[in-house]
Amino acid sequence: MSGRSVWIGAALALVSLASLSALIAWVGLGASRHPAWITGAAFALWLLTVGIAWRFAFTLSSGVLAWDGQAWTFQGGPDGVRWGSLTVCIDLQHRMAVRLAGDDGLARWFWLERCRDSARWGDLRRAVYSRPGQGVADAPEKASEGAGPV
């Protein structure tokens with residue numbers, strides 16, 4: 001997961017292995033009482049959910065996220081610059097899952113970690129929870145000064 005979160009990769013691996021172990025234990029402890037298609041469906045469902053989780057982890061956006069006092073911008077990948085509003089979905093103090101709802105109707109997900117830039121983590125947390133201001137004249141210039149990688 002180059003450029004991606006090692007923490008998310010480790011958490012997904014742990015949950016994937018734990019859930020597979022539980023499924024195997026279920027089969028070993030009495031799944032034979034059920035028709036074979038139920039056991040097969042359980043494994044197929046496990047494979048589907050684990051696949052979706054890993055796909056989500058590998059498609060998390062990577063680039064520069066900046067707050068200008070009015071809106072969030074994201075610059076990275078083939079999409080160019082996007083404007084939108086940011087919503088915190090999970091806040092673990094040193095890690096956050098956020099969703100950027102773009103003006104074009106599309107959404108991007110980001111996994112933010114303190115270890116990426118610990119000196120500016122407090123600034124990021126304050127910006128994430130701040131409300132848009134009432135017209136800051138030099139906001140775009142200030143935002144580009146404070147922009148950081150995600």
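**A guided tour from the Q93 loop**

Begin by selecting Q93, which sits in the loop between β3 and β4. Strands (DSSP runs of E, at least two residues) and helices (DSSP runs of H or I, at least four) are numbered from the N terminus. The model is predicted: local features need pLDDT of at least 70, side-chain atom pairs count only at pLDDT 80 or more, and totals for chains, interfaces and linings use all residues. Residues are numbered from 1 along each chain as its sequence is written, and side-chain values use heavy atoms, with hydrogens and water left out.

Q93 is not a glycine, yet its phi is positive, at about 70°. Most residues other than glycine have a negative phi. Q93 counts as partly exposed because its relative accessibility is 47%; buried means under 20% relative accessible area, exposed over 50%, and partly exposed in between (1.4 Å probe, protein chains only).

**Next: D91 and R125**

Select D91 in strand β3 and R125 in helix α3, which are 34 residues apart and link distant parts of the chain. Their salt bridge brings the closest N and O atoms to 2.8 Å; the term requires a side-chain nitrogen of Lys or Arg within 4 Å of a carboxyl oxygen of Asp or Glu. D91 is partly exposed because its relative accessibility is 26%, whereas R125, at 18%, is buried.

**Further salt bridges**

The structure holds 5 salt bridges. Stay in α3 and select D123 and R126, which lie 3 residues apart, about one turn of the helix. The closest N and O atoms of this salt bridge are 2.4 Å apart. D123 is partly exposed, with a relative accessible area of 43%, and R126 is exposed at 55%.

**Next: the loop at D68**

Move to the loop between β1 and β2 and select D68. D68 counts as buried because its relative accessibility is 12%. A polar atom of the D68 side chain lies 2.7 Å from the backbone nitrogen of Q70, and a polar atom of that side chain also lies 2.7 Å from the backbone nitrogen of A71.

**Next: the nonpolar cores**

Select L65, W72, L86, L100, F110 and L112, the residues with the most contacts inside the largest nonpolar core, which has 13 residues. Such a core is a set of buried Ala, Val, Leu, Ile, Met, Phe, Trp, Tyr and Cys residues joined through side-chain atoms within 4.5 Å. β1 (64–67), β2 (72–75), β4 (95–102), β5 and α3 (121–129) each supply at least two residues of this core. A second, separate core of 6 residues includes I8, A57, A97 and W111.

**Last stop: the second largest pocket**

Which residues lie nearest the centre of the second largest pocket? They are I8, F56, I90, A97 and W111, from a lining of 13 residues. A pocket is an open set of points on a 1 Å grid over the protein atoms alone where a 1.4 Å probe fits, with protein on both sides within 12 Å along at least five of seven lines; lining residues have an atom within 4 Å of a point. α1 (6–28), β3 (81–91) and β5 (107–113) each supply at least two lining residues, and α1 gives the most, with 4.

Methods
Polar contact = N/O pair within 3.5 Å; in protein donor to acceptor, adjacent residues only side chain to side chain.
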